[in-house]
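I wanted to look up ring pairs and their surroundings.

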Amino acid sequence: MKRIAVLGSTGSIGTQALEVAAAHPDRFRVVALAAHHNDRLLAEQLDRFRPALAVLADGEAADRLRGHYRGPAKIMAGEEGLIAAATLAEADTVLTSLVGFAGLRPTLAAIEAGKNIALANKETLVAAGELVTAAARRRGVAILPVDSEHSAILQCLQGEGRAGVRRLILTASGGPFRERAKETLPRVTVSECLKHPNWSMGRKITVDSATLANKGLEVIEARWLFDMDYDAIDVVVHPQSIIHSMVEFVDGSVMAQLGRPDMRLPIQYAFSFPDRWPADFARLDFTALSALTFAPPDTDRFPALAMGYEAGRRGGTAPCVFNAANEAAVNAFLSGEITFTAITASVRRALDAHADVASPTLADLCAADEWARAFVARIIPELK
Ligand SMILES: NC(=O)c1ccc[n+]([C@@H]2O[C@H](COP(=O)([O-])OP(=O)(O)OC[C@H]3O[C@@H](n4cnc5c(N)ncnc54)[C@H](OP(=O)(O)O)[C@@H]3O)[C@@H](O)[C@H]2O)c1
């Protein structure tokens, strides 16, 4: 029986994780649910899964929940509440499916409390990969990827020795603007951007997929999850999103993991690992697949991927700045303050202006995160 705490339960990953839990009532007990401000959906989830603890990071939303929720769960607010959910004695596994740097402190707290981590919140590993993986090693806890690409790699590596691995190949859909002319990209609208061709996801990751910053984040995530050099992590554009990623071995053999684009599969694998549990997800029909195609990523039109590699190779606080500047710029784009191409322009300028701190502490990372957000806020008027 897995006793899970879900941080980000009302989001795209969180709701699909709860579907997985509901499909296996004999294998899961949901002990804590946490979200940001969606008190209505959280209340429905509380009635259905009956956890001991409910958290809304937003204090006013927590007050609203107290106003209409009549069940037995204890209600908490703020980061204090998120940390309480992440460290709850009844939990053995924490699914981190909230968005952004906000996941860092709760994830570190969960690791320190000895919980295994099912990690969707890639921004945490990007910003603080060294700190988080060192803490997990010290506490002997597993960090299992929920991201479909990293789940694919984990699946391809089963039964393989580390010495046999030559490189990891992350696949990328290329996003909705894969074939757009470069000069039209500044005019891309928010609603065009939120229409991903293959996946239905939260707003932030959908924008990241369109700029390819998501793939830059995933390269850094792969470096920490699988302890690989950046030179041994490649990206290939595969618009059909059927091959979720691949591993090339030293003898030239390549293993790939295939499946329909359905996040419930990698979510379930993060919980069932190293076993597999039956599921009734729609199956891949090879006779209905017209083609599987591959192309190199276009770093001229989509420079964010190359910036991810650059930040990763610089190390120290640079990946944290890459992530924070991107988060701030994506929010500015979503609220109509800057154009689509100004997102990556902001990240470029933040990376250029930042003085890296090597081997950063948590305090250094929080300072770098704040610096990058303030930097982007300052340059927004120039980018309009
Ligand atoms: N969606 C996917 O298919 C997918 C695939 C791979 C990886 N991921 C990663 O998974 C994470 C979640 O993505 P998503 O698409 O599920 O996002 P989403 O749909 O926007 O959901 C985010 C969830 O986190 C909560 N949340 C946001 N900010 C928070 C904060 N400061 N404190 C507490 N809770 C907060 C939201 O609560 P409210 O609803 O109350 O706002 C919601 O429950 C991201 O790191 C993303 O990169 C997602």
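I started with the burial of Phe-375. Its relative accessibility is 9%. The cut-off for buried is under 20%, so Phe-375 counts as buried. Then I checked Trp-371, which is partly exposed, with a relative accessible area of 28%. The model is predicted, and I read these values with that in mind.

Next I asked how far apart Trp-371 and Phe-375 are in helix H15. They are 4 residues apart in that helix, which spans residues 362–383, so about one helical turn separates them.

I then searched the whole structure for aromatic pairs and found 6. One of them is Tyr-269 with Phe-273, an edge-to-face pair. I noted 5.8 Å centre to centre and 80° between the planes. Tyr-269 counts as buried, at 5% relative accessibility. Phe-273 is partly exposed, with a relative accessible area of 25%.

I went back to Trp-371 and Phe-375 for the ring geometry. Their aromatic pair is stacked: the centres lie 5.1 Å apart, with 25° between the planes. Planes under 30 degrees apart count as stacked, so the label follows from the angle.

I also looked for a cluster. Phe-28, Phe-271 and Trp-277 form one.

Which ring does the charged end of Arg-223 sit over? I found the ring of Trp-224, with the charged end 3.9 Å from its centre.

Last, I checked the annotation. The unreviewed UniProt entry gives "domain: 1-deoxy-D-xylulose 5-phosphate reductoisomerase C-terminal" for residues 143–226. I computed 44% helix and 13% strand for that span. Its end C-alpha atoms lie 10 Å apart.

Terms used:
Residues numbered from 1 in each chain as written. Predicted model: local features only at pLDDT ≥ 70, side-chain atom pairs only at ≥ 80, totals over all residues. Heavy atoms only, no water. UniProt positions renumbered as here; feature names shortened; annotations may be inferred. Helix = DSSP H or I, 4+ residues; strand = E, 2+ residues; numbered from the N terminus. Phe/Tyr/Trp six-rings, centres within 6.5 Å; stacked < 30°, edge-to-face > 60°. Buried < 20%, exposed > 50% of the residue type's maximum accessible area, 1.4 Å probe, protein only. Lys NZ or Arg CZ within 6 Å of the ring centre and 35° of its normal.
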